[in-house]
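Have the sequence and the model open as you read.

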Amino acid sequence: MPPVDNRPSSFNSESPPDNGPIECLIICTKAHHTELAIKDISHRLTKDSTICLVHNGMGVLDSINQNVFPDPNNRPHYIQTVFSHGLGRNDSFKISHLGVGTTILSPVGDSNIPPTTPEADHTWAPSTKYLLRLLTLTPPLVAVADTPAGLLQYQLEKLAVNCVINPLTALSDCTNGEILYSFSFTRVMRLLLFEISAVICALPELQGIPGIEDRFSPERLRRLVVNIASNTAKNHSSMQQDINQRRLTEIEYFNGWIVRRGEELGIKCALNYMIKHLVAAKAATHRSREAGAIPLDLDNVISTNEPPV
């Protein structure tokens, strides 16, 4: 008996021409590069296509829909992920697999039917089902499918961890584990997590889900952060590396997202706001120093032996 082909009916085993339609697309970039990567090939994506987004942070999908696919009737389908494998970049297009993790997948939508059950056959697009099957049947990915509500909770847990470890290590230029050995770091961590917990627990998309307040309590989030910082103690966070290598950071999709959602919900996140701008300021300082920039505010600046400016 020949093997069963679960690919969508329009799938072509030959490589499509450069201007041909794309059935399935996987985007693995930094959060701030995702929109640009999709925009360059948006003319090849149709309402029957499926895009799998692999990135950290929150708010990317909203940006894509607003700026690339504003018409809901012509948008492609999406799969979002939480990816915990350890990777290292050796060179351009050369990545090392440093540690085994998991890949949690879910189509974007309102249905809470698990995408791998028979009931989902009438819920998700053919290209979405094909890509989900392909990824979950690829052993090295250790991939599992979840419901949209289930995936969102995993995304928010990872966001909370990233909102603490990434900016603190970037600002202090230290390894992940070093933030566990300072009383001052632990104070900042707790205050950040109080704000993050308050915002997450108030999100309307989580209302009605049992156990949310316990799962996203400040204490449980603190234990998550400590556990991951301890397990990756000798690692340098991606944000620290971005700062040192003069690249854009994902701070707007980490603490910046918490601040924006907090404003929508009437929750002030002063510490996350400050952390966001401290990271932005450090990155700008590096660029200004290398560019020989002049101060933005010259009020009351006095030069030696010169009258006030």
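Domain bounds here come from an automatic or database domain assignment. This is a predicted model, where local features need pLDDT of at least 70, side-chain atom pairs count only at pLDDT 80 or more, and totals for chains, interfaces and linings use all residues. Residues are numbered from 1 along each chain as its sequence is written, and side-chain values use heavy atoms, with hydrogens and water left out.

**Terms**
- On a 1 Å grid over the protein atoms alone, a cavity is a set of points where a 1.4 Å probe fits but cannot get out, while a pocket is an open set with protein on both sides within 12 Å along at least five of seven lines; lining residues have an atom within 4 Å of a point.
- A volume is the space filled by probe spheres set on the points, which are joined across faces, edges and corners.
- Helices (H or I, at least four residues) and strands (E, at least two) are DSSP runs, numbered from the N terminus.

**Second largest pocket**
- Its volume is about 570 Å³.
- Of the 24 lining residues, M58, Q80, L152, Q155 and E205 lie nearest the centre.
- Helix α4 gives the most to this lining, with six residues.
- Domain 1 (24–111 + 124–146) and domain 2 (149–292) both give residues to the lining, so the pocket lies between them.

**Largest cavity**
- This one has a volume of about 80 Å³.
- Its lining includes H55, T81, K158 and N162.
- Again α4 provides the largest share, four residues.
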